[in-house]
2 protein chains.
Amino acid sequence: MRILLTIEYDGTDYCGWQIQPNGKTVEEEIETALFRLTGEKISVTGSGRTDSGVHAAGQTAHFDTQSKIPSERFSYALNSLLPKDIRIVSSVEVPQTFHARFSAKKKTYRYSMYVSNTEKPLKERYAAEIYPLPDIEKMKKICGLLIGEHDFKCFSSSGSEVKSTIRTVYSAEITSNGEDIAFIVSGNGFLYNMVRIMAGTLLSAGYGKLSEADILTALTSGDRTKAGKTMEAKGLCLMKVEYKGYNY
Amino acid sequence: MRILLTIEYDGTDYCGWQIQPNGKTVEEEIETALFRLTGEKISVTGSGRTDSGVHAAGQTAHFDTQSKIPSERFSYALNSLLPKDIRIVSSVEVPQTFHARFSAKKKTYRYSMYVSNTEKPLKERYAAEIYPLPDIEKMKKICGLLIGEHDFKCFSSSGSEVKSTIRTVYSAEITSNGEDIAFIVSGNGFLYNMVRIMAGTLLSAGYGKLSEADILTALTSGDRTKAGKTMEAKGLCLMKVEYKGYNY
């Protein structure tokens, strides 16, 4: 049977999602736990990678197993074997035609910042420190430019190889209480570092370093150097992955 | 000169505020940094202790120094010597008559909980996991009983020695978004474990295990066993210490 996991993790101590030779990863921890649980060498397929230090509240991944363990018991069983900074939120059986990555229709990310001129130990782990307070209204305006189908090449790290850099952003918004600022964005897919570069670009706009016209130029030119900087990993969190026709 | 520090710390990796023979403490880290900075063996006096694992967004402490470093430079200088989970938010000169503990007029604590039947790695560090959702309206009602001057003996851990168990609570409130619940309480002082026991008592009320009448009985009897359990340390955060006549 094929099982879909929804996973929350604190990425601070991991070299990202995907297994790699040096350093522990979330995928590896889950595969190790699955091996201990079932005795099978199981390979899990995530909805996508998350980079070193990036967090997830709702990463998803599927795997196939011959195990007789009821699908909904996998979450409890795996949680007893996993480190505390990785938790399986749910485990459900899905059809063999379901694929965590290819069936995904919508992903939502959140980029968190806090305004302070000193590092705040209680916020440092999950948000980027910025100072001073940017112009929130300007940032909200730029969000409007990002919504829709666009070539987002200027918002992707150079060197990443993809067939197409066209993606659709369904929603993009900024929330702020004057101290904590979040950029929440949903789309049908995201290029490498796209959310972190979007957040950096919004911040440049909020500080008056990039105008609306500058950002439109960046979008049409596809020139990475015309967009803002790539914000640090720790502020990023993969919130949700949604599947058409499924409600997991 | 006498200097007042305002300090934020993530208490996860510390055995509380006060210096003790076994395990590192926040006070010790600050005194070590002060020694490295000034060459003086300086003893700092906190507004009060925080227990092992308890956090602070606004702990305060004073110390005396012969140093010629301008008072406001201490924060920057100390931050370059302190571990990242302790930050000096500000440093200001205060009169010799000022005392971080005895001059304190008001303290505010926050106790954070989150509703989930699985541990959430992104919330675990700063909040206690509870399940299911308690009755928030009932909890708000109980908050009303706590406000004012009362003998709070039933909300203090047995074995603690204090002259009087009478304290004044200025405000007590519950905030909730259905997932994150916080109990925020201000008073002229707090007994040992008082906020954690109050939070446990509010939760018992929210789950229908203690009625308003039960809590009034607990208050008048002074009987610790009639109040709720002591909630875990990690949900507690000392938010603010205020001084009459001073605005630091």
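This is a predicted model: local features need pLDDT of at least 70, side-chain atom pairs count only at pLDDT 80 or more; totals for chains, interfaces and linings use all residues.
Local features rest on pLDDT of at least 70 and side-chain atom pairs on pLDDT 80 or more, while totals for chains, interfaces and linings use all residues. Residues are numbered from 1 along each chain as its sequence is written, chains are lettered from A and ligands numbered from 1 in the order in which they are written, and side-chain values use heavy atoms, with hydrogens and water left out.

In general, two copies of a chain are related by a rotation about an axis and a shift along it. Here, chain A is superposed on chain B by a rotation of 180° with 0.0 Å of shift along the axis, at an RMSD of 0.0 Å. The superposition is by least squares on the C-alpha atoms of residues with pLDDT of at least 70 in both copies. The two copies are thus related as by a two-fold rotation axis. Within chain A, Arg125(A) has the C-alpha nearest the axis, at 5.0 Å from it. Both copies use the same surface, since 100% of the contact residues of chain A recur in chain B; contact means heavy atoms within 4.5 Å.

Two backbone features deserve a look in each chain. The peptide bond from Tyr131(A) to Pro132(A) is cis, with omega near 0°, and Pro132(A) sits in the loop between strand 6 (128-130) and helix 3 (136-146) of chain A. Helices (H or I, at least four residues) and strands (E, at least two) are DSSP runs, numbered from the N terminus. In chain B, the bond from Tyr131(B) to Pro132(B) is also cis, with omega near -5°, and Pro132(B) belongs to the loop between strand 6 (128-130) and helix 3 (136-146) of that chain.

The other feature concerns phi. Asn193(A) is not a glycine, yet its phi is positive, at about 70°. Asn193(A) is part of the loop between strand 9 (180-187) and helix 4 (194-206) of chain A, and its relative accessibility of 13% makes it count as buried. The cut-offs are under 20% relative accessible area for buried and over 50% for exposed, with partly exposed in between (1.4 Å probe, protein chains only). Asn193(B), likewise a residue other than glycine, has a positive phi near 70°. Its place is the loop between strand 9 (180-187) and helix 4 (194-206) of chain B, and at 14% relative accessibility Asn193(B) counts as buried.

Just after helix 5 of chain B, Gly222(B) takes a positive phi of about 70°.

Helix 3 and helix 5 of chain B pack at an angle of about 25°, with their axes 10 Å apart. Axes are lines fitted to C-alpha atoms, for helices over the stretch in contact, and angles run from 0 to 180 degrees between N-to-C directions. The two helices are therefore roughly parallel to each other, where under 35 degrees counts as roughly parallel, over 145 as roughly antiparallel, 65 to 115 as roughly perpendicular and the rest as oblique. In this pair, Lys141(B), Ile142(B) and Leu145(B) of helix 3 meet Glu212(B), Ile215(B), Leu216(B) and Leu219(B) of helix 5.

Helix 3 also packs with helix 4 of chain B: their axes come within 8 Å and cross at roughly 135°, and the pair is therefore oblique. Among the residues that meet here are Ile142(B) and Cys143(B) of helix 3 and Met198(B) and Leu202(B) of helix 4.

In chain A, Lys141(A) lies in helix 3 and counts as exposed at 55% relative accessibility. Its C-alpha is separated by 9.4 Å from that of Ala205(A), 64 residues apart along the chain. Gly148(A), in strand 7 (residues 148-151) of chain A, is in contact with Arg167(A), Thr168(A) and Val169(A), leaving aside neighbours within four places in sequence.
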